Amino acid sequence: MRKQSEKITALYCRLSRDDEQEGLSGSIKNQQAILEKYAKENGFKNTRVFIDDGWSGVTFTRPAFTEIMELGEQGKISTLIVKDHSRLGRNRLVVGQLLEEEFDRMGIRYIAIMDNIDTAKGISDIVPMQDLFNEWHAKNTSQKVRNVFKSKGMSGVPLTTNPPFGYMKNPENTKEWIVDEPAAKIVRKIFNLCIEGLGPSQIAKRLKAEEIMTPTEYWNSIGRCCSKPPARQFNWSPDTVAGILSKQEYCGDTVNFRYMRKSFKNKKRIERPEDEWIIFTDTHPAIISREDYALVQELREHRRRPNRTGVVSMFSGMLFCEDCGKKLYYCTTNNKKVQAYFVCSSFRKDTGMCSSHYIREKVINELVLESMKRVLWYVQCYETQFAKEQMNILDIRQQKELLTKRRELEKAIRRVSEIDNIIQKLYEDNIIGKVSDERFATLSLSLESEQKTLKESIPKMEEYISTASVKKENLQQFIDKAKRVTRLEELTPEIVHEFIEKIVVSKPTYIDGARHQSIDIYYKGVGIIKFFSAEEMETLYQKHINSKRSKEKTA
């Protein structure tokens, strides 16, 4: 009897964010008062209050409830009392298992005051129905919240509770984001380090070495307490860096519906496919330019891992074998006489699959630098001529195809509309007897089949025409970027990845004992740029100099 009296009478209170709408009657304070009064009037001793404030009833990983279950397993709980049955939970399967199995196994008497449930007197057949209604309530509430959430997200309002690292809420309008400059400075640094060729792990090490505060440490330092301070200071993780690098919000866009909950019971957050995201552009000040963001996403897509020496080449992930199409691996050694080089990945795995396509990094650097100098000089001095030449390359064959496709598209759209009218006319003629049922069925089936084929071809033609327009936009973007580079003395990871899409390496040939090897450089937006011979380039250069001098004399 003494042991029994020492056991705890657990007075359990729970309130979710949705239950708060019920007002004072459902408050934690009110629940506690009712439970304590009931325990006192009915002679329950050794009472202890357990509170889960802000926890949904569909989850049972609540801190206070988990503590009750742990004490119950130890045989320290005699009675569990709640204000009403829904406080225990709103998942009928789990609640049913607790009442019929777990509480009985642990010797716990369960009482729900308002619903007149007491397991010491037996469980009524109505209780499972109450559990079902409680679950329905949670499901309906969840659906209402989802609808409000969807309406808010479709209006362009950010759905995140807190702005990402680098932003803060505008004190004058909490719906707006403004740049938090100290944090934004770190975000820019992370993006710049990625453009320079560093991966998330290397960036994290660099930030840790420079003792730069993590987002959590920074937020705690300015009073925006989001969690407990980390055990180790400046302990940047690669996942944190990768998360920052992937956020389109830094371009000034609002990205809604990126994540979802599987159901009102399963609260685990899962990422939606990208085509289901809703993006609103230019909703707040940008920290990162769209060009830099796009460049980083491309670099992250073609991740460049450091070799054993920890070195990453600016060309890693950009070199491809002309014969097998696979990437070339970057290799270095500790031998200073042997320079860093690239070799075909297929050849390294199996020498019978391809040839080595061996080429030194130094040679690639010299060839790319020389090519880029020529390209940039030519674009800056002869912009109009360069644009015409590139458009001719794009358009010689494409212009005719584009014109043909546009005519086909217009014709297909007209024909789809005509078929609708013809079928409508046939139907009317069939009704009044001009066309027999058999004839109508044959003609309508043929016309519907033709219309279906046309409707399937229209999106493909529209996509082709759209792609042709994009190519022109890419050419203008390339010209604009080239005009911004004033003087190119050496290559940097930023300049290489801004201008070059890929480099295709041929296998070497030997003529009179001399080794010859060519590469094709694909520039972003324009592809391979065919150049004049050395003599023609010299002529162009002299022509440019003479023109410049002539203008200076006239001035």
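Leucine 319 faces isoleucine 503 of strand β16 across a strand pairing. The structure is a predicted model, in which local features require pLDDT of at least 70 and side-chain atom pairs count only at pLDDT 80 or more, whereas totals for chains, interfaces and linings use all residues. Residues are numbered from 1 along each chain as its sequence is written, and side-chain values rest on heavy atoms, with hydrogens and water left out.

**Strand pairing**

Strands β12 (residues 319-321) and β16 (residues 500-505) run parallel and are joined by 3 bridges. Strands are DSSP runs of E with at least two residues, helices are runs of H or I with at least four residues, and both are numbered from the N terminus. Two strands count as paired if DSSP finds at least two bridges between them. Strand β16 also pairs with β19 (residues 519-523), here in the antiparallel sense and over 5 bridges. Within this pairing, isoleucine 500 has tyrosine 523 of β19 as its bridge partner.

A further element is an open sheet of 3 strands in the order β13-β14-β15, with antiparallel pairing. Strands β13 (328-331) and β15 (359-360) stand at its edges; each has a single partner strand, so one side of each is left without a neighbour in the sheet. The pairing of β13 with β14 (residues 341-344) is antiparallel and comprises 4 bridges. Cysteine 331 has tyrosine 341 in β14 as its bridge partner.

**Salt bridges**

The whole structure contains 20 salt bridges. A salt bridge is defined as a side-chain nitrogen of Lys or Arg within 4 Å of a carboxyl oxygen of Asp or Glu.

| Lysine 83 | Aspartate 84 | 3.2 Å |

Arginine 415 and glutamate 450 link distant parts of the chain: arginine 415 belongs to helix α13 and glutamate 450 to helix α14 (residues 437-484), 35 residues apart.

Solvent exposure is classed by relative accessible area: buried is under 20%, exposed is over 50%, and partly exposed lies in between (1.4 Å probe, protein chains only). Arginine 415 counts as partly exposed because its relative accessibility is 24%. Glutamate 418 is partly exposed at 38%, and glutamate 450 is partly exposed at 31%. In the other tabulated pair, lysine 83 is buried, with a relative accessible area of 13%, and aspartate 84 is likewise buried, at 13%.

**Nonpolar surface patch**

Ile126, Met129, Phe133 and Trp136 make up a nonpolar patch on the surface, and together they have about 440 Å² of accessible area. Accessible areas come from the Shrake-Rupley method with a 1.4 Å probe, and for residues only the protein chains shown count as cover. Patch members have over 30% relative accessible area and no salt bridge; like charges are joined within 9 Å, and nonpolar side chains (Val, Leu, Ile, Met, Phe, Trp, Tyr) within 5 Å. Methionine 129 is located in helix α5 (residues 127-154). The methionine 129 side is partly exposed, with a relative accessible area of 42%.
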